[in-house]
Amino acid sequence: MATWQYYHNSSTTNDALKVLKNTSESVKIISGGTDLLLDIQQGRHEEVHTLVDVNTVPTMHVLEILDGYLHIGAANLHRVIAQSPLVKEHAAALATASGLIGGPQVRNIGTIGGNVAHALPAADGTIALLCLNAQADIASSNGFRQVPMAELFLGPGKSALKPKEEILTGFDIALRKKGEGSAFNRTMRPQGVAIAILNLAVWISMRADVIADIRIAAGPTGPVPRRLTAAENALRGKTITDKTIAGAYEAATGEVQLRTSRHRATQAYRQDVLGNLLEKTIREAAVNAGVKL
Amino acid sequence: MKFTVNEKEYTMEPQPGEMLSTLLRERLGLTGTKIGCNEAECGVCTVIVDGDPIVSCTYPSARIDGKEVLTIEGLADWYARHSDKPIAGKLHPLQEAFISHGAVQCGFCIPGQIMTAHALLNEHSEVTSDSIRYAHKDTLCRCAGYPTIEGAILSAAKSLKTGKPVEPPHCQSSGKPLHSVGTLQVRPDAVAKVNGSAIFTDDLQFEGMLHARVKRCLIPHGFLRKLDVEAARALPGVKAVLTAADIPGRQNHGLFTLDWPALVGINERVRYVGDAVAIVAAETRDIASEALKLIKAEYEELEVVDNPIRALEKDAPQLHEKGNTLKHIKVRKGDVEKGFAASEVLVEHTFHTPTTEHAFLEPECSIAVPLANGRMEVYVGSQIPYSDREQTAAALGLEPEQVRVVGQLMGGGFGGKEDIAGQIHAALLAQAAGKPVKLLFDRHESLLVHPKRHATQITVKVGAMKDGTLKAVQTLLYGDTGAYASLGEKVMARATTHSSGPYEIEHVKADCYAMYTNNPPAGAFRGFGALQGQFAIESMMDILAEKLGMDPVALRRKNALKVGGVTNTGQVLEDSVGLRECIDKVDAEMRRLGGKNPFKAAAVKEKPDCRRAWGFAAAYKNTGLGGGAPDKAGAEVELRLDGSYQVRTASAELGQGLVTVLRLIAAEELQADVNKVDVLVMDTDLTPDGGPTTASRQSYVTGNAALYAARKLRETIAAAMAKEWKCKPEEILLKDDNVSFASNRMPLSQVAELLKAQGADTMAFFEYNAPETKPLGEGGNMHFAYSFAAQAAEVEVNIRTGEVKTLRIVAANDVGKALNPLGLQGQVEGGIIMGMGHALTEEYIVEKGIPFTDHLARYRVPNFTQVPEIISQVVEHPTGGGPYGAKGVGEIVSIATIPAIINAVYNASGTRVDRLPVDQEKVRASFSGGQAV
Ligand SMILES: Cc1cc2nc3c(=O)[nH]c(=O)nc-3n(C[C@H](O)[C@H](O)[C@H](O)COP(=O)(O)OP(=O)(O)OC[C@H]3O[C@@H](n4cnc5c(N)ncnc54)[C@H](O)[C@@H]3O)c2cc1C
Ligand code: FES
Ligand code: FES
């Protein structure tokens, strides 16, 4: 009858894991709840007996440099990430994406962990983390393990996390080195739901004006959040010109699966927008990397 | 758990499924926090938790353990605690600024706006327009006073920083302010709306109140074949389950046409997804919802008629006994064929407007309370209280006098609260259960059920001479009135009569088919048909101007209606046609800002992908019902024993500011201090019938009723005092609190007693009948007044994505007389922004009779970040019959915005948008086609 019957504020990840495991009724992790609660209320998700809140776990709010990586606890709010000087410095794409999610009130509730665990192909935070090659930290009763972001998704709305056994605790991102930078952009439609028609994030490593390495993620470009590796390959070792970008765009159109979604965007428009986002975001990432264009 | 709310400590346990908003509203009685959507979309429920603004509707109450919550009710005290020189009971500067700037309209969003702003100001002492817009992005205001809200926040920030009082707004008063009319006055309800004490229907509590829910058919078309409610009846906590068979009185309701069943019976037809087949009252809302699931209904599904053109076909299923045609509306002037033959240039085009949704932020709520004496009270925010009374009484099998409608503050209406929503259902259940019953729509239900704006298809053909003279205009309209008539006939009549624009044209022929379909009903919505019709003709005027190689403003000026001109319905305009002045003012300002050729696409510095251009449009809109409908209102004014006045009428205050208008008018006539005049509205027991709040008629019709009632009271007072002081009544002077003659002086409170002693009436009633109008087709005066407007819009189009942004709107509105300038400002801003929404963001999508737009997340009303700069001028061409020359305001303000933006998009991009709202894909596609500027 009610959206949930019992609400558990976890004190530690172990506490959360225990409740997950020991609850015989339906049980689910909740972070901000801005996806989950609305899904339940609007009938996209069945009612849940027990909600296990991970916001109350202090370690999941850590946002600092640990062992040479930027560690972002999964319960960090979008607002906190968007404003964090560390994130702005080392992961500009994520800071930008987080600052665009929802409005201020939703950014004060929604978390990066929830954004990723919800496993939608075009979640803004997820796409940014993907280009940053973040490692996802997962806690279970067997201890911690790390998984590359790309391996976290099985299908639309389906993550690889074991629902009753695993918790996403945070993300680790390599610190920005000289010549590296990232950027995020999205195109919206002013009508209907505020989900990007297409979003795109680029991480780039420049050696002088040559692209030493590049990672591009975009959504929705398939059933799961994904990288555009063909476009990356087309750009590696090249300079940034209209021509190389056009080449990357061509490669990208060959690898993405763009769909027409009702009342939102046609496949053709998505493809068109992809070109624009690609060009704009590559250039912005390069600027973030310190290149003068 | 332990937490504090507004510094008060609480220890209580969270309940299953409980959100913070529920805990605040229901367990702590802090109803200042409102619920607009329950889906984290509108921001109305914003409160502050540990310093950060959050949406309390999507925040489990279990999360506040150990936290501090601040709500609107605690803000003034918070300020007192945090300021150097606390003054008890003093409002926070934000609250003061919202009041004095006129940022408060219906008030429903205001707690959310203020709390969002408070969080911002508390974190940053420096704020800018940009930072306010960023912080308020998801805090919606459908009255759309965004610019004024922004101004209020900026001056509150300044006051907080400097410690000086909040600066007053820059708002233009009337060109010729009188004693009180035309001066800047704050709303009488503003304080309650900024401190959280304003009560809306959902905030009311009654002893033993039950909660109702409605079983809707959720199919677009079919016959109800079986209905089993036994399991629902048996559910513990359920107090009443009713079906059509249980209605004691009239089954159908409707504003003019009684075609809408309150409940559909067995073997009767369901005509849209919102049709009700059973209603339930239970101890809690959850139980009532559970009971709905236990009701089993079976239907024989039928072909869905999903558009008006299909509805008109001979073989289409007939949805009502009289067929699918609600009305074929005709306008005839001259002979269009002759006109076209004589024309040198012909243009023709077809336009489409979508269904749109009012999206008032307060969802519908009705509470019915049965009284021991057999009467029924209905508490509801309604635009037509007397009609609610009649319709509810008829369903209950009672006389109208046995029902009392007690109108409540309304969180916006815009035409969407004219029809019956939950009034009848709540009353039926209350009658059956013998207990108060609340029926609150959630946002989903609100979106599904209430009448929308008519989707229309409009074909326009125009014949003109090379010099720009319009010879002939022919229009053909199809209007989708959905499952039930509501005000469909009237709305489409306005669409038809306004479809050739505010121009004098020799030959006009307009035909409109207002058709029933299986879509949600369509009814009144600000702009009332005139909006659709003029989107088409004003787009067409630009098409024609281009074909003629003529300046679009010059083309409009040349043909604009003027005093002595004849409208397409044959009405000779006798006075008050400020159209040319509106056109000239907007034209001058547009060229001042946009240069000599504002209609040419211009490149944008530092934005190589963007082009900018201006677009222009004119508009007019009738004031009052017109078309031969008797248009009257009653008002009474009383001098009370304490020396204050009260104005009473059942007209509706939906946020638009009628109460202030009536107050100003009475104060003017009685030369009284406006603060000594209060206004009581919307109570069918205590206030006389003011007629419907629609058709921009209230300032004029009810305004006149109040004016003449006040005048009558003044005469009574003067006569009594003349007798007392042995002088002529004309020599008696009323001023502020006193009445005087020569050296005689008496305070009003004594005057009231004197009147009583003399047996004179301290109350004057006046029923005002507006000038007679003629039905369409008979010539003569179709309406007793028209308002006029011109607007120019500057847009920026991104040619790589097709995205459109409105940058600036220049507007001039001829409203006859600016009675209430602060309220007018709110109407102008709100109207323009709503118009922009219609041009760019708003579309209520229905697929084969099934609404796709079933949550607020799928319906975008303009937010703070999209608001253009608005430069507005008021034009005052008084109309003879209006109070001090005033005519309607509420609707004219948004009509020209749409074509102005659409024409600007064409000028910037070369894409002629003939289907609203702008589809950025289409704009982009026209560029890929290679015709870049
Ligand atoms: C008005 C509005 C606007 C929005 N705009 C955007 C937008 O612009 N861009 C965007 O990307 N999203 C948007 N969203 C969606 C949503 O807010 C975000 O995806 C948000 O990041 C979800 O985080 P959460 O903490 O609220 O997740 P929750 O709802 O708490 O959880 C989502 C899912 O993840 C699971 N989960 C959560 N945390 C963990 C964990 N630590 N370990 C394992 N599983 C976990 C939950 O069980 C659930 O299945 C919007 C939502 C709303 C309401
Ligand atoms: S956001 Fe909470 S009620 Fe709309
Ligand atoms: S005042 Fe903002 S919604 Fe009415």
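User: What is the area buried between chain A and chain B, and how much of that area do carbon and sulfur atoms give?

Analyst: This is a predicted model, and every value here is computed from it. The area buried between chain A and chain B is about 3900 Å². Carbon and sulfur atoms give 50% of that area. The contact draws 48 residues from chain A and 48 residues from chain B.

User: What makes the pair A:R262 and B:E847 a salt bridge?

Analyst: The rule asks for a side-chain nitrogen of Lys or Arg within 4 Å of a carboxyl oxygen of Asp or Glu. The side chains of A:R262 and B:E847 meet at 2.6 Å, N to O. That value lies within 4 Å, so the pair counts as a salt bridge. Across the interface of chain A and chain B, the rule finds six salt bridges.

User: Why is the pair A:R189 and B:D919 called a salt bridge too?

Analyst: Here the N to O value is 3.4 Å. The cut-off is 4 Å, therefore this pair also qualifies. The pair crosses between chains: A:R189 is in the loop between strand 11 and strand 12 of chain A, and B:D919 is in the loop between helix 24 and helix 25 of chain B. Over all chains, the count by this rule comes to 82 salt bridges.

User: Which other contacts are counted between chain A and chain B, and which element of chain A gives the most to the side that touches chain B?

Analyst: There are 26 residue pairs in polar contact between chain A and chain B, with both residues at pLDDT 80 or more. Several elements of chain A give two or more residues to the side touching chain B, among them strand 1 (4-9) and helix 2 (36-41). Helix 11 of chain A gives the most, with five residues. By class, this side of chain A has 17 nonpolar, 23 polar and eight charged residues.

User: Why are strand 27 and strand 31 of chain B said to stand at the edges of their sheet?

Analyst: Their sheet is an open one of four strands in chain B, in the order 27-26-25-31, with mixed pairing. Strand 27 (677-681) and strand 31 (763-769) of chain B each have a single partner strand, so one side of each is left without a neighbour in the sheet. Neighbouring strands of this sheet are turned by 20° against each other on average, direction ignored.

User: What makes strand 25 of chain B a partner of strand 31 of chain B?

Analyst: Seven bridges join strand 25 (residues 632-639) of chain B to strand 31 of chain B, and the two run antiparallel. Pairing needs at least two bridges, so these strands count as paired. Within strand 31 of chain B, B:E767 is the bridge partner of B:G634.

Conventions. Residues are numbered from 1 along each chain as its sequence is written. Chains are lettered from A and ligands numbered from 1 in the order in which they are written. This is a predicted model: local features need pLDDT of at least 70, side-chain atom pairs count only at pLDDT 80 or more; totals for chains, interfaces and linings use all residues. Side-chain values use heavy atoms; hydrogens and water are left out. Contact means heavy atoms within 4.5 Å. Buried area is the accessible area (1.4 Å probe) that two parts lose on being put together, summed over both. A polar contact is a pair of N or O atoms within 3.5 Å; within protein, one must be able to donate a hydrogen and the other to accept it, and residues adjacent in sequence count only if both atoms are side-chain atoms. Ala, Val, Leu, Ile, Met, Phe, Trp, Tyr, Cys and Pro count as nonpolar, Asp, Glu, Lys and Arg as charged, and the others, Gly among them, as polar. Axes are lines fitted to C-alpha atoms, for helices over the stretch in contact, and angles run from 0 to 180 degrees between N-to-C directions.
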